[in-house]
Amino acid sequence: MSAAANDSPARLIAIDWGTSNFRAFLVDRESGKCLDSRRSEAGLRSLSSAEFPHYCAAQVGDWREEGGAASGAKEEGGAASGAKSVPIYLAGMVGSKRGWSEAPQLDLPVSATDLAAHVVAAPGVDNAWIVPGVKIVAAEHVDVMRGEEIQAFGALSLCATREALCCLPGTHSKWARLADAQLVDFTTAMTGELYHAVRFHTLPGEPARESAEFDAAAFDQGLEAAGHPAGILHALFEARSRHLYAGLASEQVGSYLSGVTIGSEVLSQRRIHPQAGEVILVGSSTLNALYRRAMTAVGFGVREIDSDQATLAGLCALAERHGH
């Protein structure tokens, strides 16, 4: 989508920069509308610390003049002479020790205002701010989060509510509980990473090395197996025994393993939150479809929010509180 005309409202640049991917959005600050976007696979693992400011400037430098690609003389870095650069807000693993510059991880409870008060200036690029993450450090629960907290606050804004249970699926899925517009608790499940490890590096996953179409029946078998009294370690091995003796075809094994891992994650959250009615599901269309199937099976109501939209809404809310 092309940038809007020069008389459009003020803008900001929202960047979600993780381990594997870079996603940047030029946003109409007043409406939250995405005017342009850019994506790449230049995540943390593909860049050194010194490369972050140069890569960021190369990707969004032409967006940094207020009004987008306006005419007129420009200084180095893409901003018009005498004009203040469009602010950049960066969330995700870009703020980790392995990223551009480390931002703190705040203790719960945390509000969007708290996040805005602790942003860190990104070295080497003017008016660019790295958003802090959050953490839990307690005797019974130690956990960390970077990036998903912004999506959770964005989902809260988009749903016009102050309380929610959010599921943010992915390599390391997060379940976040918000109350009175504050993030008060969260849990990480390494669902995506476990699925990949079992499928590509274990004997039960051997028949699923090749790609195959999603199989709903096999996925549902996995959902049911996830509730086995012996737990997920047994349910995963059943990919092997079902393939040998119960008719689970090679092309179904991947869907079965997906059902087991996602089903185990969702079932554990159903036990943690037995009274929860609706879950706000923040993710991609592909993952959302699988999670909706698993959530419906255990009695959760589901409201879906696109992860990009949640990121934009969350960073817009933070920018308002930051005041740049």
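Colleague: Hi! Which residue in β10 is the bridge partner of Val-134?
Modeller: Met-145 is the bridge partner of Val-134. Strands here are DSSP runs of E with at least two residues, helices are runs of H or I with at least four, and both are numbered from the N terminus. This is a predicted model, with residues numbered from 1 along each chain as its sequence is written. Local features need pLDDT of at least 70 and side-chain atom pairs count only at pLDDT 80 or more, while totals for chains, interfaces and linings use all residues, and side-chain values use heavy atoms, leaving out hydrogens and water.

Colleague: Thanks! In which sense do β9 and β10 pair, and how many bridges are there?
Modeller: Strand β9 (residues 133-138) and β10 pair in the antiparallel sense, over five bridges. Two strands count as paired if DSSP finds at least two bridges between them. A hairpin of two residues joins β9 to β10.

Colleague: New topic: how many residues does the largest nonpolar core have?
Modeller: It has 39 residues, and Leu-115, Ile-280 and Leu-318 have the most contacts inside it. Helix α9 (residues 307-322) gives the largest share of this core, six residues. Apart from it lies another core of 25 residues, including Trp-17 and Ile-130. By nonpolar core I mean a set of buried Ala, Val, Leu, Ile, Met, Phe, Trp, Tyr and Cys residues joined through side-chain atoms within 4.5 Å. In soluble globular proteins, nonpolar side chains tend to be buried together.

Colleague: What is Ile-280 in contact with?
Modeller: Leaving aside neighbours within four places in sequence, Ile-280 is in contact with several residues, among them Ala-155, Cys-159, Leu-165, Arg-303 and Ile-305. A contact means heavy atoms within 4.5 Å.

Colleague: How about aromatic pairs, how many are there?
Modeller: The count comes to eight aromatic pairs. Rings of Phe, Tyr and Trp (its six-membered ring) pair if their centres lie within 6.5 Å; planes under 30 degrees apart are stacked, over 60 edge-to-face, and the rest tilted. In one of the pairs, the rings of Trp-17 and Tyr-55 have centres 5.9 Å apart and planes at 40°, so that pair is tilted. Trp-17 sits in strand β1 (residues 11-17) and Tyr-55 in helix α1, so the pair ties together parts that are 38 residues apart in sequence.

Colleague: Is Tyr-55 buried or exposed?
Modeller: Tyr-55 counts as buried because its relative accessibility is 19%. Trp-17 is buried as well, with a relative accessible area of 0%.

Colleague: What about Phe-52 and Trp-100: stacked or edge-to-face?
Modeller: Their ring centres are 6.4 Å apart and their planes are at 15°, so the pair is stacked. This pair links distant parts of the chain, with Phe-52 in helix α1 and Trp-100 in the loop between β4 and β5, 48 residues apart. Phe-52 and Trp-100 belong to one aromatic cluster with Trp-17, Phe-22 and Tyr-55.

Colleague: Switching to the backbone, which residues does the cis peptide bond join?
Modeller: The cis bond joins Leu-108 and Pro-109, with omega about -5°. Pro-109 is in the loop between β5 (105-107) and β6 (110-111). Ala-160 has a positive phi, near 50°, and is found in the loop between α3 (148-158) and β11 (164-168). Most residues other than glycine have a negative phi, and most peptide bonds are trans.

Colleague: Last one: where is the pLDDT under 50?
Modeller: Residues 1-9 stay under 50, and residues 69-82 are below 50 too. pLDDT is the predictor's confidence in each residue, from 0 to 100. The chain averages a pLDDT of 90, and 91% of the residues score at least 70. Where pLDDT is low, the predicted coordinates should not be read in detail.

Technical notes
Buried < 20%, exposed > 50% of the residue type's maximum accessible area, 1.4 Å probe, protein only.
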